[in-house]
Amino acid sequence: MNTAYLIHLANYSDGVLYVLAGLLVIALGVIVDRFWYLRRTILRGTVFVRELAQHGRLDRDALQTLADGAGDLPEAALLKTAADHSGYVQGDPLASRLEESILVMAPQLDRRLWILDTIVTLAPLLGLFGTIIGMFHAFSVLAAPGHAPTAVTGGVADALVATATGLFIAMTGLVAFNAFNNQVRQILLQLDSVKTMLLNRMDGHPITDGEGNIQTAIPKIAAAMARAG
């Protein structure tokens, strides 16, 4: 399959294959972008949750230090909110403010996934449309005098390439879309875990380890995050 034949297939579908190629490039761009961001957020967030669980009571200074150590993680917004309200708000009102921070942060997690969702739906339809156009070209040979049957069958085979291309793009996008949705749910679960930990460590009661020793708020998340990369 050389370049000339690919151009022939694209022209046979009246340019629909060119559009499908553009959709494939866009889909791959979204997949690479979201994979890098979501995977990195999950890995660093896991380290953050693990280190936060080792802390005891948290005051304003400790919360601000943790927020600085979180960097650009979504958890940083929760810590910043907790630091701003430390000493002023506790219990259910603080939980509501932390939940608000999660809701504000949520759209950033699934950003551009709507593009992938649209391509998954649009690509098969465009592929079918290109095949229909190719069928018109294939069967128009029957109207010409002295037509050869192989010209019709060959034209039908060329027309079906558009449908196959659309289905391939849709399958690739669907697998990635479902995987990214699962990763978004994992990040939201991490944020809920951080919210619960903050509430437990800001209620004025001490936190003990499994041996009954009171834990202290020793900020060491920044170093752990640096090791996680």
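Of the 229 residues of the protein, 40% count as buried, and this figure, like the others here, comes from a predicted model. The secondary structure consists of eight helices and zero strands, which gives the pattern α-α-α-α-α-α-α-α when read along the sequence. Among contacts between residues at least 6 apart in sequence, 80% join residues at least 24 apart.

- Helix H3 spans residues 60–70, and its buried residues are Ala-62, Leu-63, Leu-66, Ala-67, Gly-69 and Ala-70.
- An α-helix has 3.6 residues a turn, so residues three or four places apart point the same way.
- The face of H3 that is turned away from the buried side carries the exposed residues Asp-61 and Asp-68.
- Just after H3 comes Gly-71, which takes a positive phi of about 65°.

**Packing of H3 against H4**

- H3 packs with helix H4, which covers residues 75–85, at an angle of about 160°, and the two axes are 8 Å apart.
- Because of that angle, which is over 145 degrees, H3 is roughly antiparallel to H4.
- The crossing of the two helices, H3 and H4, is left-handed.
- On the H3 side the contact involves Arg-60, Leu-63, Gln-64, Leu-66, Ala-67 and Ala-70, and these meet Ala-76, Leu-79, Lys-80, Ala-82, Ala-83 and Asp-84 in H4.
- Sorted by class, the contact of H3 with H4 has eight nonpolar, one polar and three charged residues.

Technical notes: Residues numbered from 1 in each chain as written. Predicted model: local features only at pLDDT ≥ 70, side-chain atom pairs only at ≥ 80, totals over all residues. Heavy atoms only, no water. Buried < 20%, exposed > 50% of the residue type's maximum accessible area, 1.4 Å probe, protein only. Helix = DSSP H or I, 4+ residues; strand = E, 2+ residues; numbered from the N terminus. Axes fitted to C-alpha atoms, helices over the stretch in contact; angles between N-to-C directions. Parallel < 35°, antiparallel > 145°, perpendicular 65-115°, else oblique. Left-handed = near helix turned anticlockwise from the far one by under 90°. Contact = heavy atoms within 4.5 Å. Nonpolar A, V, L, I, M, F, W, Y, C, P; charged D, E, K, R; others polar.
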